[in-house]
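Here are some notes on the model, kept to a few local points. Please read them with the structure open.

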Amino acid sequence: MKQKFISLGLALAMLLGVAGCNITTPATVGTIGGVEIPAGIYLLAQYNAYNTTASLVDFATGESADDTGVVLNAEVTGTINGEEVTTDGADYISRLTMASIEYYAAAEKLFDELGATLEDAATAEAASSASSMWESNGDLYQANGIAQSTLETYLLNAAKAQACMQVLYGPDGQQPVTDAEYEDFIRSDCLYIESITLPMVDYANYLYAFSDADMTAAINDIADECVDYLQQNATAESSATDAYAVMYAAANQYIPQVMAAMGSTAETAQASSYVGSGLYLPSDLDTYASGEDANVLTDPLLAADEGEWVKIDLTTSLVVARRVDPMTRGDLASFQSGYDLLGAMKSEEIQNMLYEDGAALEHALDQSAMDTYAASKVKYSV
């Protein structure tokens with residue numbers, strides 16, 4: 001059920017770009033596949049690699065990711081392009097950095113070879129995101145000799161990878177995903193979930209039911225009643241319209257009871273906001289993973305029959321939910337317009353392809369230039 005979906009590029013929260021320096025430094029670190037690798041892109045990849053590596057370090061008391069020497073010399077174990085690697089921090093950073101700039105080059109090269117184009121919206125979004133991130137973390141960017149322009153360049157590179165995905169697999173692509181493949185993905189890899197969320201936290205009044213045994217027991221009893229009510233009135237055969245009517249009626253009945261159990265109140269109009277339904281993509285479902293082979297959301301849903309209501313404990317709420325056949329709640333066109341099905345199906349595939357292609361390209365990198373931007377100079381915080 002679970003699939004690993006990673007964004008096309010590095011985590012946006014870590015993206016950085018090169019700023020001007022007072023000393024003369026190399027503008028590039030060479031080429032990969034004939035694609036020039038700007039120094040800023042190299043620094044961006046290296047900074048992100050440092051952060052990833054630091055997250056794998058078992059720091060001793062008093063040590064932190066700010067201790068560059070500790071990070072570089074620590075033994076770390078992680079996964080790089082699907083391969084488990086155990087090595088020292090410096091080597092791990094080097095490998096991650098290389099994989100990142102190889103990916104960058106492969107995306108640029110494929111974009112040009114396919115004759116792909118970027119829509120104005122994608123370009124504007126990259127500029128806006130870069131500006132916003134710079135406003136939030138400009139001091140840290142500058143401390144690492146990094147500038148906003150590189151951040152925008154990297155975001156555009158990610159957009160180019162997505163554009164390549166459209167050219168290859170989109171409706172008018174070279175190998176378009178078929179309707180049958182979309183429907184199989186929706187039914188096999190996604191879940192359409194209908195739910196009522198019974199809160200166990202009233203943030204407005206700082207009430208936390210899960211910290212009080214009596215409140216917790218009371219809300220669990222209410223949830224059980226809600227399950228029984230829905231099971232009797234919103235059966236597996238109920239149409240979407242009928243099911244939603246019953247769900248809203250249940251919310252109006254049980255949400256006020258839950259709030260009362262916490263010593264608070266809820267208006268009928270507020271109760272309807274606790275009703276939800278929709279298609280959960282694999283990446284959505286993975287956010288509920290509670291272990292390598294466990295998922296607090298999907299495990300109880302998959303253990304029950306389709307259409308059967310169950311109670312799920314999500315710590316800060318009890319969710320009364322069920323899974324239903326997605327195609328009884330919408331047609332393929334509606335799911336395609338409402339969800340990024342193509343990205344969910346093909347992002348990992350094209351990412352893996354770009355990493356593999358990038359590694360196979362001819363490398364003409366300048367080691368002395370890369371040495372100028374050594375990982376030992378990375379600043380984790382300012």
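1. Start with G145, which sits just after α4 and takes a positive phi of about 70°. The model is a predicted one, and this phi value is computed from it like the other values in this note.

2. Even so, α4 bends by about 85° at N137.

3. Which residues of α4 are buried? They are A126, A130, M133, W134, G138, L140 and Y141. An α-helix has 3.6 residues a turn, so residues three or four places apart point the same way. The cover over the buried residues of α4 includes α1 (39-54) and α5 (148-169).

4. Helix α3 (residues 89-114) contains T97. Is T97 buried or exposed? Its relative accessible area is 2%, and buried means under 20%, so T97 counts as buried. Apart from neighbours within four places in sequence, T97 is in contact with Y42, A45, Q46 and A49.

5. On the surface there is a nonpolar patch formed by Y203, Y206, Y208 and F210. Together these residues have about 510 Å² of accessible area. One of them, Y206, is in the loop between β6 (201-202) and β7 (207-208). Y206 counts as exposed because its relative accessible area is 63%, where exposed means over 50%.

Terms used. Residues numbered from 1 in each chain as written. Predicted model: local features only at pLDDT ≥ 70, side-chain atom pairs only at ≥ 80, totals over all residues. Heavy atoms only, no water. Patch = residues over 30% accessible without salt bridge, like charges linked within 9 Å, V, L, I, M, F, W, Y side chains within 5 Å. Areas by Shrake-Rupley, 256 points an atom, 1.4 Å probe, with all protein chains shown as cover. Salt bridge = Lys/Arg side-chain N within 4 Å of Asp/Glu carboxyl O. Helix = DSSP H or I, 4+ residues; strand = E, 2+ residues; numbered from the N terminus. Buried < 20%, exposed > 50% of the residue type's maximum accessible area, 1.4 Å probe, protein only. Bend = angle between axes of the 7 residues up to and from the residue. Contact = heavy atoms within 4.5 Å.
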